[in-house]
Amino acid sequence: MSELDDQIPTAFDPFADANADDSGAGSKEYVHIRVQQRNGRKSLTTVQGLKKEFSYNKILKDVKKEFCCNGTVVQDPELGQVIQLQGDQRKNVSTFLVQAGIVKKDHIKIHGF
């Protein structure tokens, strides 16, 4: 039996690193910028994960003025407050948030097609 024990490799968990990172959930918060397809060529950009101390309405007002689009702040029961903008504004919003000093570039995740 001891010969077999020496030959059998120990169990390797490929997700051990990912689980270790999840344990400190508050250590690294990401801002998620997503695009959703509506009907036809219409799309919707959502920004989620900004810190609660920022005024979402002021950020929305500046983004709308800067990129000539309409938008709103939606209260989601699971995600909290989410900014919605008309059109595909992923690149514009990410550069705006970095230049305004709201979020660091490595804390932004851009999702979508």
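Biologist: In which sense do strand 3 and strand 4 pair, and over how many bridges?

Modeller: Strands of a sheet pair through backbone hydrogen bonds, either parallel or antiparallel. In this predicted model, strand 3 and strand 4 are joined in the antiparallel sense, with six bridges between them. Within this pairing, D76 is set opposite G80 of strand 4.

Biologist: What order do the strands take in the sheet, and which are the edge strands?

Modeller: The sheet is open and consists of five strands ordered 3-4-2-1-5, with mixed pairing. Strand 3 (71–76) and strand 5 (108–110) are the edge strands, each pairing on one side only. From one strand to the next, the twist averages 25°.

Biologist: Which helices should be read against these strands?

Modeller: Helix 3, residues 56–67, lies across strand 3 and strand 4, and runs at about 10° to strand 4. Helix 4, residues 90–99, packs on the sheet, where it touches strand 1 (31–37), strand 2 (43–48), strand 4 and strand 5. The direction of helix 4 makes about 160° with that of strand 1.

Biologist: Where is Q86 found, and why does Q86 count as partly exposed?

Modeller: Q86 belongs to strand 4, which spans residues 80–86. Q86 counts as partly exposed because its relative accessibility is 44%, a value between the limits of 20% and 50%.

Biologist: Which residues does Q86 touch, leaving aside those up to four places away in sequence?

Modeller: With those set aside, Q86 touches S43, C69 and N70.

How values were computed. Residues are numbered from 1 along each chain as its sequence is written. This is a predicted model: local features need pLDDT of at least 70, side-chain atom pairs count only at pLDDT 80 or more; totals for chains, interfaces and linings use all residues. Side-chain values use heavy atoms; hydrogens and water are left out. Helices (H or I, at least four residues) and strands (E, at least two) are DSSP runs, numbered from the N terminus. Buried means under 20% relative accessible area, exposed over 50%, partly exposed in between (1.4 Å probe, protein chains only). Contact means heavy atoms within 4.5 Å. Two strands pair if DSSP finds at least two bridges between them. Axes are lines fitted to C-alpha atoms, for helices over the stretch in contact, and angles run from 0 to 180 degrees between N-to-C directions.
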